[in-house]
Each structure stands twice: as structure tokens, then as C-alpha cells.
Amino acid sequence: MPKTNSIPKTFGAIALAAALSCAGGAQAQDTLKVGVVGFLTGAAAGPFGVPARDAAELMIEAINAGTVPAPYDSAGIGGLSVDPIYVDEAGGSATQVTELRKLVQQQGADAVVGYISSGSCLAVAPVADELEVLTVLFDCGTPRIFEEGSYDYVFRTAAHATMDNVAAAKYAATKVGDIKRYSGINQNYAWGQDSWNDFTAVLALQQPDAKVSKELFPKLFSGEYGSEISALSISRSDVLHSSLWGGDLESFIFQAAARGLPDVMPMILTTGETVIHRLGDSLPDGTILGARGPHGALANDTDLNRWFVAEYTERFGTPPTFPAYHMAQALLGLKAASDKAAAAAGGVPSTEQVAAAFKGLEFEAIGSTVSMSLAGGHQAISETAYGTYRFNTETGQPEIVDIVRFNAECVNPPDGVKSIEWLQAGMPGAVCD
Amino acid sequence: MTAIAIFIDGAVYASWVFIVALGLTLIYGVMKILNVSHGAFYAFGAYGTATLVGLWFEADLPVIGGFAMMIGASVIVGLVLGFVLERVLLRPLYDQDEVVLVLVTYAAFLIMEDLLRLIWGSDAYFAYQPFVAVGRTVVGGMIVSNYDIMLIVFASALGAIGIWMLNHSRFGHILTAVIHDREMAASFGVNVAKVFAVTFVIGAILGALGGAVTAPKVSVTPSMGVEVIVLAFAVVAIGGMGSVTGAIVGALMVGFARAAAVHLLPEIELFVIYAVMAIVLVLRPEGLFVRAKARKI
Amino acid sequence: MTTSNTTLAVIPVAIAAGAAFVLPEWLLFLATVALAKGLVVLGLLMMWRAGLVSFGQALYFAGGAYCAGLLTHYAGITDIFVLTFAAAVFGGGLAALAGLLLARYRGIFFAMLSLAFSMILYGALVNSAFLGSTDGIGIERITVFGQTPDEHFERTIFLFALLMSVVGAFAIYRYLRSPLGWLAEPIRDNEVRIEYLGVSVRAAIHIKLVLAGTLAGVGGALTAFAVGHVDPEMAYWTSSGGFVFITILAGTGSVFAPFLGAIVFELVRSFAFAYAPEFWQIILGGSLLAAIVFLPGGLWSLIQSKKGEGK
């Protein structure tokens with residue numbers, strides 16, 4: 001067995017367990033096998049996949065031991081102890097579909113928690129339904145998943161990209177001031193395209209005179225933005241919107257900062273919170289950051305949050321960022337739904353019972369309350385927050401200041417309305433505090 | 001304004017892709033091996049640079065040394081990988097078909113990608129200090145990084161040295177002889193095996209150098225060699241495989257085509273390079289700078 | 001086809017068809033993907049015999065997959081026969097077009113130009129929102145004679161892939177024994193002499209390209225049915241590299257070799273990926289090197305020498 005890596009061992013253990021359970025015939029189930037999928041290799045691993053995997057490890061151990069603070073202080077999920085199978089999300093959509101089939105049909109996963117890329121989510125959702133495996137999408141953001149399809153076994157515990165971009169546009173409209181021209185750089189796939197469409201739709205409502213100067217869609221994982229930065233630097237924009245994430249975001253920030261782009265136009269980074277501990281003072285002051293919900297430096301001060309930050313920081317040496325929060329949120333959602341179903345069933349619940357309990361569930365997550373209130377109870381909404389970055393040279397620590405919070409009903413569409421239609425209609429029914 | 005941007009971006013991109021393609025075309029010209037593992041040299045060069053530059057700046061040493069570290073990393077990577085690969089893998093297989101040799105280097109590429117991951121892990125590395133340290137200049141109203149200007153100067157110098165060496169140095173004459181006719185050169189007493197080994201190592205160093213100059217600009221990640229290798233293929237195929245002048249022209253065509261696409265017609269950005277490659281190959285099947293060969297009967 | 005050869009062909013096919021009712025679903029899925037790749041490699045085998053190696057076969061593979069995908073997505077066609085036929089025609093058509101230029105090329109230049117064509121398709125797929133850009137597009141559930149095989153989806157697709165493989169292998173077997181097919185090796189050895197015989201080498205190669213493109217189109221469609229999703233990675237150069245990889249691993253001694261090679265390849269890849277994720281590329285690269293150095297005739301040469309009928 002190579003080195004001390006846990007993945008081969010886990011697989012070995014699972015193969016052994018599968019062999020034993022086959023040999024023993026129909027035994028009572030005592031563990032819940034959960035496939036945990038995220039980028040473990042490639043440029044998205046460091047800022048997204050690894051924090052998510054770390055959070056999964058921490059949460060699963062705590063859940064199995066029953067040491068998560070209330071209301072999650074009962075051991076296990078639906079009475080079963082969790083046995084995770086970690087899978088790499090690298091390789092593209094078709095690979096992920098193949099891996100999901102293997103996970104369920106070959107390794108016998110009972111549930112799947114995963115997927116960072118919107119491309120993966122769009123590809124696996126129909127297959128998850130076909131395989132009838134409860135699948136909790138923990139991080140991917142495109143609204144298309146439930147707006148263009150409907151699934152019985154698929155849930156998403158993170159709010160979708162519309163929330164991030166509505167809040168970003170509202171924040172920019174008040175904090176940047178008068179915007180005459182603005183530009184965007186977003187990756188050429190569902191997440192990037194949807195983020196940009198939502199942002200421009202809301203900014204058109206907030207500041208009708210603002211005009212789009214440059215809209216750039218480089219390839220996902222391209223990593224080199226020399227020409228794009230040239231195009232932006234001569235675009236005379238007042239603000240730059242970007243939903244780049246992972247290694248792409250980090251590369252873009254380095255290249256843009258070295259050429260002084262942020263001095264000319266402040267950047268709004270909808271996933272910017274992921275890089276603050278990794279880049280420190282290389283991230284320019286004044287950059288507007290989101291965390292796709294009240295996560296990390298933008299989290300509310302709750303018991304669960306204090307516990308999570310302390311445990312995570314002690315164990316991994318760096319504070320958790322939003323992918324870690326999203327993962328914890330997904331596992332807590334799964335636990336809340338399973339525990340509810342178990343109580344109703346008076347024993348280990350079936351997948352269908354858990355799915356029924358998950359629909360429309362409202363549960364306490366790390367940073368805030370989450371309601372599964374869109375897409376017939378399959379899609380979460382939550383409150384969110386935006387702030388402005390500042391590197392504190394005295395403490396040597398990154399800070400987010402000037403934080404503005406948005407309640408869930410203010411920045412999410414009502415149930416049954418497609419995001420882009422809601423935005424184009426002027427966001428009817430939005431209730432802001 | 002846009003014209004200036006296209007010119008500068010095109011020149012920067014051309015310089016970068018030329019540095020990568022130079023080693024590839026040299027190896028092909030002399031050895032007739034289309035070396036897929038060049039992409040791995042590139043990635044190792046980037047990682048070596050990220051490591052050495054990281055150590056250098058952690059120790060708070062002067063900036064200029066950071067550039068020395070980049071060259072040092074390339075030389076080490078090229079010497080070690082180039083030597084091992086040539087001696088262990090290629091030398092016993094030289095008499096194989098050209099296409100089989102491509103596959104041998106493809107296998108080597110796969111293996112080296114995993115080795116890279118075993119050595120450095122899968123998290124991203126940064127070596128941005130040299131990029132940030134040199135500052136920036138305003139050219140025609142556009143802010144340009146001085147690092148990119150240095151890249152253009154460096155690539156031009158490399159091209160000039162390459163051509164001068166081939167035409168005027170002793171080793172260059174030997175190389176020209178081997179490129180022209182391997183058997184003839186051998187019969188005149190040229191030690192072809194030694195020429196092959198030296199060429200391969202030089203090519204490997206150049207490939208690593210391509211990665212080294214890229215490392216400060218990007219987050220260095222394991223799969224960075226996959227994309228670069230086809231790009232370098234395109235440059236080499238356009239210019240004519242084995243021609244240094246061809247690599248210069250190919251790099252300029254690729255660089256300006258891409259820059260123009262990004263600024264004027266972003267929809268075609270991703271395939272404009274390969275469209276140029278296809279058009280050139282259709283008009284001149286062996287590239288722009290290669291003499292036509294007689295058909296064998 | 002001699003009687004003994006027919007028997008030899010029928011036995012493994014019968015075993016495979018029987019296995020479809022025994023094997024677990026994930027293994028059937030893996031076998032389906034392997035057969036689909038085997039069809040693509042069958043085309044490469046045919047070209048290899050004429051001395052041509054394509055580093056762009058992913059063009060026709062992805063072309064067939066996207067053809068099937070777009071027909072389900074935009075036209076609502078889900079019939080497996082219609083989709084496969086359309087993908088075959090589309091793959092062959094693409095090859096006929098590309099062949100107008102490609103048929104003039106040989107050796108490394110043929111490889112490079114086919115690579116360029118496939119990368120153009122890749123760029124177009126990634127850049128086009130209509131074609132799903134980086135996300136690709138999902139495939140609707142396919143139907144067989146108007147029925148949705150929900151209960152035995154994996155088995156149905158596998159049996160269909162097996163049928164296609166048998167048809168493909170038989171067709172190519174007959175082709176290789178026809179005068180035009182038989183010319184492959186003479187073309188590799190010396191084209192000019194063939195021309196003196198009054199045969200147009202370019203036309204002969206063009207036909208091979210179209211046949212290989214058709215097979216790759218069918219392979220792409222089968223992959224799309226099984227996976228349920230198509231994405232631009234299918235057109236990327238690494239995908240083409242994989243097909244050439246299997247060609248070398250399998251050997252070019254028989255029309256069955258590609259399928260054997262593809263199944264071995266998929267098994268190695270699947271298990272290496274599952275049990276040694278840090279080493280799986282080392283394992284793949286190592287087996288490719290081993291095949292080149294120790295088994296110049298590929299895996300098929302092992303079987304051939306056992307049968308004692310080596311050439």
C-alpha cells in the first residue's frame with residue numbers, strides 16, 4: 001500500500017467490507033456509505049477541493065462521535081455511522097458521470113455529497129436520479145440545474161449564483177457609486193455565463209445608465225490572462241465583475257495586480273473570500289469580495305460557527321473558507337433530513353424517506369439558517385453578505401470591512417420563477433430588510 | 001489603442017510560445033523525434049522555478065538572484081530529465097518508426113506527470129515575486145508589465161543566438177550536417193550518438209525554460225504541460241519541423257492571430273491557432289521553412 | 001472467412017452476450033465504453049496497416065457523440081438505431097470532407113494535420129453556447145423500438161454495442177480481404193509502385209479515412225448513450241492519444257485485437273484509478289512502453305502465438 005494516503009486504504013476497506021457483506025447475505029446496515037466528490041488534483045484543488053475535503057473529514061468524524069454542537073449532538077446520520085469514499089472531480093463532465101456510476105453500482109454508496117464545478121453538477125444530476133441515489137450538491141452555483149430540470153433525488157444545500165450576483169450588484173451600486181461603464185471576465189461555461197448575465201441584469205436595474213464595456217469569457221482553467229487584462233485595461237471601466245474561482249482566480253489576481261488593473265477599476269470577486277488567506281497582501285486593498293453566503297470572514301457569530309472555525313483552524317492550520325462551509329452545510333443538511341426521516345420511520349430510513357424529509361427542510365447551517373425553499377424544496381436559499389478587502393499590515397492578517405448583509409428573500413427569486421426572468425422583470429416580490 | 005494592445009499582446013504571447021517551441025523544433029530537426037514529453041519538461045521547469053524562487057525570496061535575497069534561480073532551475077531540470085530520458089528510453093529505440101517514437105515520448109509524458117504530482121503534490125505553487133518586483137511601464141496608453149517586456153527581449157535574444165549558433169559555431173555546423181543527412185555526417189566522422197544526447201539535453205533545458213518564465217505569472221499546477229504541448233506542436237508545424245527560423249515565424253503568426261482574436265473576435269479565440277495551423281499545412285504540407293523532399297521509388 | 005475462423009469469432013461473442021445477463025451493471029458499463037473505443041481503434045488499425053497514424057481521431061469520435069447528443073437535445077429523437085445511423089453518417093461525412101485534404105498526407109504530417117482538425121473542433125465546441133460550451137450537453141434517455149429500457153439500461157446498451165462491434169469487425173474483416181483493403185501494406189511499403197499498377201493511392205486512402213471516421217462516429221454515439229453526457233474533452237488531443245495508445249497496446253494482427261486492447265485498457269485504467277490514484281498515469285505509461293519494447297505485435301501477438309498461426 002503506498003505511503004500513508006487514506007484513499008487506497010479506504011477503497012481496500014470498502015472492497016473488503018463489500019465482500020464480507022456479500023458473504024454474510026442480507027445483514028442489517030450499520031454504516032452509511034457517502035461518496036464525497038471534489039477536486040483533489042489540479043488548480044481547483046488548493047483553494048476549493050482541499051478545504052472541502054478537510055471539512056468533510058472533520059465533520060464526518062465529529063458527526064460519528066456526536067461532538068457537533070446542538071442541534072446536531074446526536075451521533076451519526078439517521079442513526080448510522082458515516083463511511084466516506086473520497087473521489088476526485090477532475091477529468092470533465094463525462095468522467096464524473098462514469099465515476100458516479102462506479103461509486104453507486106460498484107462501491108455501493110448510499111448517498112453522494114459533492115461537486116464544485118457547475119459543469120459536473122449539470123452532468124451528474126440526471127444520472128443521480130436514474131441511479132436513485134440521494135445526491136447533495138454542495139458547492140456548484142449555476143441556477144440552471146433545477147430551472148431546466150427537475151429531480152427527485154438531487155438537492156442543493158448552497159444558494160445558487162443568482163444570489164451572489166444580485167448581492168454583488170447591489171453592493172457595487174451603493175459602494176462604488178456612479179458606474180458609467182463596467183466590464184466582466186468570467187469563465188466560458190454555465191457558472192461564468194450565468195453569473196455575468198445575472199450581474200448585468202441587476203446592475204441595469206440599479207444604475208440604468210451603466211453600460212457594458214468589455215465582456216470576456218476565457219476558457220475554464222486557462223490560467224493565462226495577458227491579452228484579457230490588456231483588453232480590460234483599455235476599456236475605461238469603473239468596475240470589473242468576475243466569478244473566476246480556484247487557480248484561475250489566483251492567477252488572474254497576480255497578473256492583474258502586477259499590471260495595476262485594480263488601481264484603475266475596483267474588482268468585484270464573487271468567490272473572492274477563498275483566496276484571502278492564501279494571497280494575503282498580494283490581494284489588492286479595496287477589492288470587493290463575496291463568500292457565496294455568510295461564510296468564513298463574513299459568517300455570523302454563532303455557537304456552530306465558533307466551534308467550526310476553532311476545530312478547523314486547529315486541525316488544518318488555516319481558517320475555513322466558503323468551500324469548507326458549503327461542505328459542512330451539505331453534511332448538516334443530510335444529517336438534519338436523515339434524522340428527521342429516522343424519527344418518523346422509527347429506524348433506519350429509506351432513501352425515499354430521507355428525500356421526502358429533505359424537501360422544504362429548514363436547518364441550521366454553520367453561518368446561518370438555510371431553507372430548502374426553491375425548486376419544490378430541492379434548492380436552498382440563505383442570507384448572504386459582501387465586504388471590502390483590506391490587509392491589516394499591523395496584525396499581518398487579512399480583513400473584510402464595510403460588510404453589508406442581505407437577507408435571503410431580498411436576493412433570491414421566489415419559488416417557481418426562473419432567475420433571469422425574475423431579474424429582467426425587476427425582481428418582483430423581493431423583500432429586503 | 002486596440003491595435004497597440006494587439007501588437008503588444010501578440011509579441012508577448014509569441015515570445016512565450018517561441019521559447020517553448022524552440023527546444024521542440026531543435027529536437028525534431030536533429031533527431032526526427034516529435035517529443036510529447038516536452039510538455040513535462042515545461043511543467044518540471046515551472047515547478048523547479050516555483051520551488052527555488054520561493055526559497056530564494058523566503059531568505060530575503062536580492063531580486064536579481066530570483067532570475068538566476070529561474071535559469072538555474074531550468075538547467076538542472078533539463079540536464080537531469082533530458083539526460084535520463086535520452087539515455088534510458090530513447091537511445092535503445094532510435095531505429096523505431098517516427099510515429100512509434102512519438103508514442104514512446106507520450107508514455108514518458110504520462111509517467112512524468114505522475115512523478116511531478118508525487119514530488120510536489122497537487123496543490124498550486126506560486127513564484128510571483130520576480131513578476132511583481134520588476135514593475136510596469138505605460139506603452140501607448142496601456143500598462144505593460146516590465147516582466148513581459150523582458151520576456152520579449154529574452155526570446156529575441158534566444159532566437160538570435162540560436163540562428164547564429166547554427167550558422168557560425170562548430171557545433172552548429174555539425175548539427176546542420178546531421179539535420180541535412182544523418183548517414184553522411186556519420187560517415188564523415190561525426191559522433192551522431194553524442195550529438196543526439198547533447199541536442200536532447202539542450203532541447204529539454206529550453207522546454208524547462210519555457211515553464212520557468214511562465215511560473216511567475218500563473219498558479220503552477222500539475223496539468224500545465226498538457227495544453228502547452230499541442231500549442232508548441234502548432235508553432236513547429238506552421239514554421240516547418242526542425243527550422244529555427246520557422247519557429248520564429250510560427251510563433252509570431254500564432255501570437256498575433258490569438259491576440260487579434262481576443263481583442264476583435266473572442267468567439268474564435270480557442271481555435272484560431274489551429275485554424276492557422278491547418279491553413280498553413282494545407283498550403284505547404286511540411287510547413288513554411290522546409291525544403292520539399294524527393295519521393296522515394 | 002474460413003469455418004474455423006468463423007467458429008473462433010462466434011465463441012467469444014456468444015460468451016460476451018451471455019455475460020451480459022450475469023455481470024454487474026458497472027462492469028457492463030465499462031465493457032460498453034471499451035467496445036465503443038474498440039470501434040474507433042478498429043479504424044486506426046486499418047489506417048495503421050497503410051502506415052498512417054491519426055492524432056486526431058477524436059474529431060470523428062466527438063463528432064458522432066455530439067451528433068447523437070444534439071439530435072436528442074434539440075430534435076427530441078431518441079431511437080437508438082436512428083441516432084447510431086446518424087452518428088455513423090456524420091462521422092463518415094466529416095472524414096470524407098477532411099479526407100479531401102488529409103488523403104494527400106503521410107507520416108508525421110498526416111498526424112499533425114489530423115491533430116489540427118480535431119483541435120479546431122475542440123475550440124469550436126468550447127466556444128459555442130449552442131453546443132453547450134465547456135459543460136457539454138446531456139443526452140436524453142434513448143429508446144429501442146419505442147421502449148425505454150429503464151430496467152436493464154446497461155445490459156441493453158451493452159448488447160447493442162456488442163452488435164455494432166460484430167458488424168464493424170465483420171465489415172472491416174471483409175474489407176481488408178477485398179482488393180482495395182489488401183493494398184494497405186503495399187501502400188505503406190511503396191506508394192509509387194502501386195500507382196504504376198493504375199490504382200489511385202489517394203482514393204484508396206480516402207476510402208480508409210471514411211471507413212475509420214464512420215466507425216469512430218458510431219463509437220462516439222455508443223459512448224454518449226452509455227455515459228449520458230457529451231463534453232468537449234472527447235475532442236481533445238488526449239482523447240486521440242488514448243486511441244493510438246490502445247492501437248499499440250492491442251496490436252494490429254486481427255480485427256478482434258482492438259476490442260481486446262480496449263477492454264484491457266479500460267480495466268487497467270479503472271483499477272489503477274481506483275486503487276492507486278497517484279500512480280495511474282505511471283501504470284498506463286509503463287504498460288505502453290512495455291508493449292512497445294517487449295510486445296511489438298501488441299497483446300494480440302500473445303494470442304496469435306498460442307494459436308500457433310503467426311504470420
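The pLDDT is the predictor's confidence in each residue, on a scale from 0 to 100. The structure shown is a predicted model, and its chain B has an average pLDDT of 89, with 98% of the residues scoring at least 70.

The largest nonpolar core comprises 245 residues, and W16(B), F225(C) and W237(C) have the most contacts inside it. Helix 1 (residues 2–31) of chain B supplies the largest share of this core, namely 18 residues. Beyond its neighbours within four places in sequence, W16(B) is in contact with Y42(B), L151(B), G210(B), V213(B), T214(B), V228(B) and L231(B). Another core, of 89 residues, lies apart from the largest one; among its members are A52(A), Y72(A), F252(A) and A341(A).

The surface of chain B also carries nonpolar side chains. I71(B), V75(B), I76(B), L79(B), V80(B), F83(B), V84(B) and V88(B) make a nonpolar surface patch of about 700 Å². One of these residues, F83(B), belongs to helix 3 (residues 63–90) of chain B. F83(B) has a relative accessible area of 44% and is therefore partly exposed, as this class lies between the cut-offs of 20% and 50%.

In chain C, P24(C) is found in the loop between helix 1 (3–19) and helix 2 (25–49). Its relative accessibility is 39%, so P24(C) likewise counts as partly exposed.

Key:
Residues are numbered from 1 along each chain as its sequence is written. Chains are lettered from A and ligands numbered from 1 in the order in which they are written. This is a predicted model: local features need pLDDT of at least 70, side-chain atom pairs count only at pLDDT 80 or more; totals for chains, interfaces and linings use all residues. Side-chain values use heavy atoms; hydrogens and water are left out. Patches are made of residues with over 30% relative accessible area and no salt bridge: like charges are joined within 9 Å, nonpolar side chains (Val, Leu, Ile, Met, Phe, Trp, Tyr) within 5 Å. Accessible areas come from the Shrake-Rupley method with a 1.4 Å probe; for residues, only the protein chains shown count as cover. A salt bridge is a side-chain nitrogen of Lys or Arg within 4 Å of a carboxyl oxygen of Asp or Glu. Helices (H or I, at least four residues) and strands (E, at least two) are DSSP runs, numbered from the N terminus. Buried means under 20% relative accessible area, exposed over 50%, partly exposed in between (1.4 Å probe, protein chains only). A nonpolar core is a set of buried Ala, Val, Leu, Ile, Met, Phe, Trp, Tyr and Cys residues joined through side-chain atoms within 4.5 Å. Contact means heavy atoms within 4.5 Å.
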